[in-house]
Amino acid sequence: MIVLLLAACTFAPGRGFGTLPDPTLHVALEPGPARDLGDHTLLTNLGWEVQVDAAGLELGAVELQELVGGAGGSFDPADPPEGYSLCHGGHCHADDGSLVSYAEVEAQLAGGSASFVAVSSWALDAEVDLLAGLDVALSSVSTVPASDISQVAITAGRLHLEGTARTDGTAIPVRVDLDLAPGFTGGLDLPFERGEDPVVDLALALVVDGTLFDDLDFATAAADGEVALDDPSDPSGALLLARLAAVEPVSTIERSPWSEP
Amino acid sequence: MILYALLACTPKEEVEDPEAHACEHVAEAGTAVTAGADPASAGAISVGEEPYTVTLVDGAAGYVSIAIDGDTPALLFMGVADVAATLWHETEEEGLPAPAPNDLCPTDIPEHYDLDFHEAGTYYLELGPAAVSDVWVMLTSAEGHAHSEEE
């Protein structure tokens with residue numbers, strides 16, 4: 001486990017309404033019990049066993065963001081707007097079958113007049129070894145301005161991965177080199193305002209799970225004896241990009257009052 | 001304050017949130033069912049209040065059947081993520097919506113699916129292939145789960 005102390009935190013000017021004393025970030029490839037065959041090997045939904053020998057993900061910065069500008073962006077989860085249904089737990093089901101965070105729904109309702117603006121941010125600027133995992137102690141934020149943080153964004157660069165896909169005695173080398181920019185976003189409900197406990201323990205996690213290669217038929221995708229997933233316009237590359245685009249940072253939040261002097 | 005007063009005046013109705021109900025029963029193995037290697041040999045589960053432990057087909061997809069009388073909104077809770085593969089109505093694939101954790105016990109129930117069995121017939125839930133041998137499953141009505149006063 002690598003623990004880094006990052007001192008590059010910045011925050012927007014404003015009146016302090018809270019603090020983030022010990023924010024953390026966890027990044028890893030974690031197949032989960034249904035897909036974990038051990039030794040960094042993933043079981044896909046098509047029955048392929050993909051042994052991952054190396055996986056590096058370039059990450060830029062972590063931002064806690066609030067939606068600024070626009071009007072009419074708020075909505076009642078009990079009465080979802082057109083195009084969405086079954087809103088609960090911070091997500092709505094979009095008509096296309098995807099899960100969309102409340103923050104993204106609000107941004108869509110506000111149209112182009114609203115945008116997400118960073119309230120706090122941390123620079124990472126590192127390639128993370130997804131197999132080893134990374135646990136980062138982000139620098140504390142002593143003064144968080146009054147804000148309604150509704151999204152965490154983690155900017156990303158390229159994903160480099162090497163491995164081997166196997167099934168029924170067939171083994172095919174796999175190489176991934178794809179640009180994941182702009183990165184990953186996920187909803188969170190983190191208002192800093194009167195009436196909210198101001199001290200926030202925040203744990204962020206960016207986990208790529210064992211469904212990474214689902215629906216990918218390596219036999220069909222293979223060319224010249226290997227599967228090279230390095231072209232976003234190629235159907236297999238696009239499929240992998242779509243899988244990665246669905247990865248959302250998740251947050252665990254515990255709030256408490258100011259400690260007594 | 002006004003809201004509290006209004007809530008206090010609401011007629012008492014003992015209806016349990018299906019998510020809470022699933023969390024309460026997640027430690028129970030429930031009824032043992034074996035997934036079939038094809039729909040014809042699928043073990044049966046039903047929309048109800050009790051959990052199931054489904055033994056999966058080793059290294060391949062398996063199926064459990066669900067008999068539906070008519071339009072039935074339901075919640076499918078899974079004790080292990082990424083096991084549920086798709087949903088079939090008879091021989092037509094309907095697919096599954098995007099899952100979300102059970103908000104009340106996300107560690108124990110990492111996935112639930114909002115389903116709408118929109119017409120009568122036999123549905124088949126395709127499970128796996130998976131690296132686990134069995135999975136805890138509960139399929140409840142989305143309408144809510146009523147407990148009697150005596151419970």
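The structure is a predicted model, in which local features need pLDDT of at least 70, side-chain atom pairs count only at pLDDT 80 or more, and totals for chains, interfaces and linings use all residues. Residues are numbered from 1 along each chain as its sequence is written, while chains are lettered from A and ligands numbered from 1 in the order in which they are written.

Chain A is divided into domain 1 (3-61 + 119-256) and domain 2 (70-113), the bounds coming from an automatic or database domain assignment. Between the C-alpha centres of domain 1 and domain 2 of chain A the separation is 23 Å. To their contact, domain 1 of chain A contributes 5 residues and domain 2 of chain A contributes 6 residues, two residues being in contact if their C-beta atoms, placed from the backbone, lie within 7 Å. On the side of domain 1 of chain A that touches domain 2 of chain A, at least two residues each are supplied by strand 13 (147-167) and strand 15 (183-192) of chain A, and strand 15 of chain A gives the most, with 3 residues. Helices (H or I, at least four residues) and strands (E, at least two) are DSSP runs, numbered from the N terminus. By class, this side of domain 1 of chain A has no nonpolar, 4 polar and 1 charged residues, where Ala, Val, Leu, Ile, Met, Phe, Trp, Tyr, Cys and Pro count as nonpolar, Asp, Glu, Lys and Arg as charged, and the others, Gly among them, as polar.

In chain B, the buried residues of helix 2 (residues 18-25) are Pro18(B), Glu19(B) and Ala22(B). Because these residues cover an arc of only 105° around the axis, they lie on the same side of helix 2 of chain B; the arc is that of the directions from the helix axis to the C-beta atoms. A residue is buried if 20 or more other C-beta atoms lie within 10 Å of its own, exposed if 12 or fewer, and partly exposed in between, with C-beta atoms placed from the backbone.
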